[in-house]
Amino acid sequence: MPVPAHQFPLAAPAAADTAGPLLPGPRSGRAAAREAGLPRIDEPREVAPADARELSKVFFARLRELPEGTPERQYVRNTLIEMNASLVQYAVRRFRGRADGAAGDVEDLVQVGTIGLIKAIDRFDPARENEFATLAMPYITGEIKRHFRDTAWAVHVPRRLQELRIDIAKAKEELTVRLDRSPTVHDLAAHLDLAEEQVIEGLVAANGHTSGSLDAPHAEHGDGPAEGHTLAEVLGEEEPALELVEDIQTLAPLLERLSDRERTMLRMRFGEELTQAQIGAALGISQMQVSRLLTRLLTHLRTSMLADPDPGPAAEPVPGSR
């Protein structure tokens with residue numbers, strides 16, 4: 001059963017030296033607890049969760065009555081942080097899979113989660129008669145998620161390149177001030193004592209730190225043709241193959257209007273890659289005639305492709321091609 005606050009044992013003087021790191025020193029802690037009218041808890045993190053919930057209600061009620069900056073309020077606030085630290089540990093377990101697994105990474109999550117816990121303590125109003133954990137957990141998980149958003153990478157990048165990105169960012173700031181301009185790859189390589197290829201690799205890897213949704217609205221300054229469109233609709237470059245497809249679709253009906261001899265000449269020149277002399281020998285005409293006919297034929301096709309579509313009757317054969 002939870003221990004009522006008035007029955008919670010006061011810490012003995014000899015045990016006061018084991019106070020948690022956030023609490024005041026033994027003597028000041030005992031005095032602050034006495035002045036606040038609350039028990040001195042030397043090991044707040046060791047309090048059972050059920051007892052911590054009951055004690056937190058008493059401490060929160062007293063916290064709102066104490067003025068800012070007093071040792072009594074500091075003691076009450078710090079004790080609340082220590083007693084409810086288990087909420088941070090519980091929240092961190094949900095995110096262990098997203099951390100790299102190193103002890104330092106998990107410790108970072110604990111510190112970030114503790115910031116959320118402190119914010120929840122400062123904003124909790126016991127008059128609303130809500131459970132503190134109901135308010136605290138969104139604050140704690142929110143800070144952890146914000147930490148991942150600001151520090152995690154959108155794609156998997158080796159740790160070597162993650163650290164290189166940080167070094168390059170620091171070098172950029174230092175060299176920008178020193179050189180009064182943006183540093184070049186050569187400047188960064190000389191400053192970091194690295195090869196330029198390594199710096200380029202780090203700069204490219206930095207692009208994987210963040211990513212944006214292709215379905216996000218495309219933001220532009222002022223009105224423009226891209227207003228109201230998503231990033232996917234305006235992102236990209238012209239595809240040369242699409243223009244080639246359009247040219248083929250336009251050229252196909254024009255080739256159908258040519259005579260057999262004209263199509264044969266085009267096939268021999270551009271399909272079989274024969275010379276004009278070879279074409280002339282095959283068709284029984286001179287090389288000069290082949291040259292004139294090909295020139296007229298290609299001019300006719302080029303002009304017809306650039307002209308507006310004509311729904312009228314088929315075009316006349318190329319003059320002089322027969």
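Modeller: Start at proline 158, which sits in the loop between helix H6 (132-151) and helix H7 (159-179). Keep in mind that this is a predicted model. Is proline 158 buried, exposed or partly exposed? Its relative accessible area is 40%. Buried means under 20%, and exposed means over 50%. Proline 158 therefore counts as partly exposed.

Now look across from that loop. Proline 158 and alanine 205 are 47 residues apart in sequence. In space, their C-alpha atoms are 9.1 Å apart.

Follow the chain through H7 to the next loop. Aspartate 180 lies there, between H7 and helix H8 (185-192). Check its backbone. Aspartate 180 has a positive phi of about 60°, although it is not a glycine. Why does that deserve a second look? Most residues other than glycine have a negative phi. Aspartate 180 also counts as exposed, because its relative accessibility is 71%.

Glutamate 273 is placed in the loop between H12 and H13. Its phi is positive too, at about 55°, and glutamate 273 is not a glycine either. With a relative accessibility of 63%, over the 50% cut-off, glutamate 273 therefore counts as exposed.

Helix H12 covers residues 260-271, and helix H13 covers residues 276-283. They pack at an angle of about 145°. Their axes are 10 Å apart. H12 passes H13 in a right-handed crossing. Which residues make the contact? From H12 come Met265, Met268 and Arg269. From H13 come Ile279, Ala282 and Leu283. Five of the contact residues are nonpolar, one is charged and none is polar.

Now step back to the whole protein. How many helices and strands does the secondary structure contain? There are 14 helices and zero strands. The protein has 322 residues, and 30% of them count as buried. Its accessible surface comes to about 20800 Å². Carbon and sulfur atoms account for 54% of that surface.

Finally, consider contacts between residues at least 6 apart in sequence. Of these, 58% join residues at least 24 apart.

How values were computed: Residues numbered from 1 in each chain as written. Predicted model: local features only at pLDDT ≥ 70, side-chain atom pairs only at ≥ 80, totals over all residues. Heavy atoms only, no water. Axes fitted to C-alpha atoms, helices over the stretch in contact; angles between N-to-C directions. Helix = DSSP H or I, 4+ residues; strand = E, 2+ residues; numbered from the N terminus. Left-handed = near helix turned anticlockwise from the far one by under 90°. Contact = heavy atoms within 4.5 Å. Nonpolar A, V, L, I, M, F, W, Y, C, P; charged D, E, K, R; others polar. Buried < 20%, exposed > 50% of the residue type's maximum accessible area, 1.4 Å probe, protein only. Areas by Shrake-Rupley, 256 points an atom, 1.4 Å probe, with all protein chains shown as cover.
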